[in-house]
Each structure stands twice: as structure tokens, then as C-alpha cells.
Amino acid sequence: MASAQSTVDFLVGQMLGAGEISHKKMFGEYGIYCNGKMVASVCDNKLFIKPTARGRAYIGEVVEESPYPGAKPHFLISNEKSKNGHWLGELIRITAEELPVSVKKKKAGTS
């Protein structure tokens, strides 16, 4: 089941003070970016945060689930917690700080 744009808009609006937040539609679901780093996904209208050590410590009691079949487990954020904009914004900020900057791969045959 594809996620609703309204769900993504709500979640992005809740990420207070995290940094520059954007989202991108991907295969009927959405990737959430903070300062250019993919930090989360919205799949089946549920928020999944990429796992980090500091994120785990911040959340406390973590629920992990794969956002889609074959994916590594992510932190599943409850609807209740996602309504707390300051809490969610801090989690997104912490996650973005801990994730490495992605390196763009060169296409074969280019120098």
C-alpha cells in the first residue's frame, strides 16, 4: 500500500528544528532527507528512522521493523511520538549528524 502525501506532509511538518528537511517519492513510498542525508522512510504511512547508536539512546525503548520486504530493520516511530514535533525534530537532527555523507559513485567509463 502506497503512503499518502498528506501523511508525509504532516511528518515533515513535525520535524521541528532538525535542519533542512525534504522528501522524495520512491516506488510509491517516500524518503525523508535532512540536510541532504536520507534519514528516514515513510512506508505504508508509517515512519521508519535509519538506526544509529545515538538515535537508539535518544528513543530509549526501540521498536525495530523493516520498512519493506528485504530491508534492514529501522526504528519504527509510533503515531503518538511522531506528533511531538520537538522530540521528532531532535531525533531527526541526531540521526542526520551520525549518518555519513553519501558519496556519489562514478558511472562506468567516466574519469
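Modeller: Contact means heavy atoms within 4.5 Å. In this predicted model, helix H4 (residues 85–98) lies across S1, S2, S3, S4 and strand S6 (74–77). H4 runs at about 130° to S3. Helix H1 (residues 5–14) lies across S1, S2, S3 and strand S4 (46–49), at about 160° to S1.

Colleague: What makes S1 and S2 a pair?

Modeller: Two strands pair if at least two bridges are found between them.

Colleague: In what order do the six strands form the open sheet?

Modeller: The order is S1-S2-S3-S4-S6-S5, with antiparallel pairing.

Colleague: Why is one side of strand S1 (21–26) and of strand S5 (64–65) left without a neighbour in the sheet?

Modeller: S1 and S5 stand at the edges and each has a single partner strand, so one side of each has no neighbour in the sheet.

Colleague: How much space lies in the largest pocket, and which residues are closest to its centre?

Modeller: The largest pocket holds about 290 Å³ of space. It is lined by 15 residues, and Met26, Glu29, Ser41, Cys43 and Tyr68 are the closest to its centre. Strand S2 (29–34) and strand S3 (37–43) are the elements that give two or more residues to the lining; S3 gives the most, with four.

Colleague: What classes of residue make up the lining of the largest pocket?

Modeller: The lining has nine nonpolar, three polar and three charged residues.

Note on methods:
Residues are numbered from 1 along each chain as its sequence is written. This is a predicted model: local features need pLDDT of at least 70, side-chain atom pairs count only at pLDDT 80 or more; totals for chains, interfaces and linings use all residues. Side-chain values use heavy atoms; hydrogens and water are left out. On a 1 Å grid over the protein atoms alone, a cavity is a set of points where a 1.4 Å probe fits but cannot get out, and a pocket is an open set with protein on both sides within 12 Å along at least five of seven lines; lining residues have an atom within 4 Å of a point. Grid points are joined across faces, edges and corners, and a volume is the space filled by probe spheres set on the points. Ala, Val, Leu, Ile, Met, Phe, Trp, Tyr, Cys and Pro count as nonpolar, Asp, Glu, Lys and Arg as charged, and the others, Gly among them, as polar. Axes are lines fitted to C-alpha atoms, for helices over the stretch in contact, and angles run from 0 to 180 degrees between N-to-C directions.
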